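Please read the points below with the structure open beside you. They are meant as a colleague's notes, to be checked one at a time.

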Amino acid sequence: MKTATLEEITNLCIRRGFFFPSGKIYGGLSGFYDYGPLGVELRNEILNSWWNFFVRNREDIVGIHGSILTHPKTWEASGHTESFIDIIVKCTRCSSEFRADHLLEDKGIKITELTIENLRNLIKKHNIKCPICKGELSDPEPFNLMFQTYVGPKKTKANIAYLRPETAQLIFTNFKNIYISMRLKLPFGVAQIGKAFRNEISPRNFLFRVREFEQMEIEYFVNPHKLNDCPLFNEVKDTKINLLTAKLQENSVEKTIEITIEDAYEKGLITTKWHAYWIGKSIEWMLKIGLDATKIRVREHMKNELAHYAIQTFDIEYYFPDMGWKEIEGISNRGDYDLSRHQKFSGKDLTILDNDKKVIPYVIEPSFGLERIILALLTSSYREIDNRKVLSLKPFIAPIKAGVYPLIKKPEFIEKAREVYYLLREKINVFYDESGSIGKRYARADEIGVPLGITIDGETLENNTVTVRFRDTKQQIRIKLDNLWEDIKKILEE
Ligand code: GAP
């Protein structure tokens with residue numbers, strides 16, 4: 001069995017209609033991809049699964065859907081105006097721009113501290129030049145990643161607004177409204193799915209680093225004195241994780257330790273129980289949608305990489321072809337940083353009552369990126385089995401659930417196949433295909449992950465049965481047309 005490279009996945013996605021580079025007919029817009037017909041179906045299935053798992057099937061989490069263009073004070077309060085920066089260097093000859101840390105990492109140089117001073121010294125020490133024209137590089141300088149625009153016709157400072165760089169802040173600015181309107185009690189969470197925008201200096205690796213992407217975030221609010229009072233802990237305590245602590249990394253150890261969530265908490269490696277719980281639940285959902293457990297690790301942020309708001313952060317990383325271990329979700333303990341700052345900047349009281357005592361809750365934040373989850377799913381599901389290209393997505397995630405095929409192009413076969421197609425399309429996303437040999441039709445469907453093939457053949461006309469072919473095994477069974485939907489439903493749910 002052969003697995004795919006990142007380039008093969010990119011080609012598949014563009015060729016078969018999962019994603020298209022945005023604005024390609026005009027030369028493309030770097031860091032933007034449009035979802036194609038299959039991509040949008042895959043997106044919807046993943047988002048539905050996430051929402052059901054983290055919101056609908058829980059009593060303690062509600063959802064919101066906030067604005068994309070946001071009040072500039074939001075970002076002053078959150079610290080993004082001041083601190084949401086990457087460090088940029090420009091080529092003095094060809095004017096290309098690069099993220100300074102990426103240039104160094106690409107040369108295999110380890111960065112201990114992400115400061116301008118340190119990056120300047122490393123660039124000098126290793127005599128780093130422009131990778132495009134070998135020109136001299138400028139002095140490193142900070143670059144704010146937020147996209148800025150104006151609200152209304154006047155382009156004045158007073159009209160500046162930002163495209164949100166994270167969905168989280170809309171939850172914090174609406175915190176009191178949500179708490180009061182939904183009559184919530186601590187601990188509780190607020191979830192949101194929505195677009196985020198970052199003017200990345202060097203977007204790359206297909207969907208991995210883009211400028212417009214979708215986040216799926218939860219802000220889980222807990223009384224600061226009850227961070228270890230987690231009645232749901234039993235759900236996750238035995239989950240085994242591969243953990244790379246900050247301490248191991250500081251000692252240049254890259255090898256993870258295998259440990260249960262409970263032991264990681266008991267040994268103080270994950271400092272609060274609610275944080276440990278959310279790491280466990282995140283992994284549970286990732287496995288549910290079909291990510292490969294052996295490619296998941298939990299990496300703690302070292303002190304020098306912690307975001308300005310974070311007390312402790314763990315990244316869930318996935319092992320990607322060509323890229324190695326990369327973050328697909330961040331889970332931070334943000335303390336009361338955000339609510340306290342919004343309280344200060346707005347002058348509004350954001351305290352709430354817990355057992356008659358006023359508190360500003362702490363927040364544990366699981367923050368998933370949809371595009372990275374999709375890339376992880378595609379890279380680990382696409383494989384060659386006996387010269388067949390197969391995208392082995394779980395049936396409930398697959399963009400199309402079944403293909404309907406008349407074995408031969410004769411009117412009586414076509415008529416029956418169309419009947420089956422109309423029957424099923426009311427229930428699931430299904431397509432009809434009559435062109436080419438049946439082998440070619442199966443192969444086209446296998447490549448885009450269609451779990452089932454339903455073929456109308458001579459026997460169908462005699463005894464009202466069809467063959468159902470399974471994508472991964474090529475196994476075929478016969479099913480009575482009278483029971484078709486009930487049987488297919490069962491198979492898809494397995
Ligand atoms: N609210 C916290 C937050 O935004 P983050 O680690 O900056 O934290 C969370 O982002 C997730 O968003 C990441 O784990 C990643 O999946 C996704 N993400 C961030 N930047 C991205 C980018 N440029 N392209 C694609 N996904 C991105």
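How many Å separate the centres of domain 1 and domain 2, taken over C-alpha atoms? The centres of these two domains are separated by 28 Å.

1. This is a predicted model, in which local features need pLDDT of at least 70 and side-chain atom pairs count only at pLDDT 80 or more, while totals for chains, interfaces and linings use all residues. Residues are numbered from 1 along each chain as its sequence is written, and side-chain values use heavy atoms, with hydrogens and water left out.

2. The protein chain is divided into domain 1 (2–82 + 147–382), domain 2 (85–144) and domain 3 (400–493), with bounds that come from an automatic or database domain assignment.

3. Where domain 1 meets domain 2, twelve residues of domain 1 are in contact with 14 residues of domain 2, contact meaning heavy atoms within 4.5 Å. The two domains bury about 970 Å² between them, 42% of it on carbon and sulfur atoms; buried area is the accessible area (1.4 Å probe) that two parts lose on being put together, summed over both. Ile201, Arg204 and Asn304 supply 54% of the area that domain 1 buries against domain 2, more than any other three residues.

4. Between domain 1 and domain 2 the count is two salt bridges, each being a side-chain nitrogen of Lys or Arg within 4 Å of a carboxyl oxygen of Asp or Glu. Separately, Arg99 forms a salt bridge with Glu200, and their closest N and O atoms are 3.9 Å apart. On the side of domain 1 that touches domain 2, helix H4 (residues 80–83) gives the most, with three residues; helices here are DSSP runs (H or I, at least four residues) and strands likewise (E, at least two), numbered from the N terminus.

5. The structure holds 29 aromatic pairs, where rings of Phe, Tyr and Trp (its six-membered ring) pair if their centres lie within 6.5 Å, with planes under 30 degrees apart counted as stacked, over 60 as edge-to-face and the rest as tilted. The rings of Phe54 and Trp285 have centres 6.2 Å apart and planes at 55°, so this pair is tilted. Phe54 lies in helix H2 (residues 37–56) and Trp285 in helix H11 (residues 273–288), 231 residues apart, and the pair thus links distant parts of the chain.

6. Two backbone details deserve a look. The peptide bond from Leu186 to Pro187 is cis, with omega near -5°, and Pro187 sits in the loop between helix H8 (175–181) and strand S11 (188–197).
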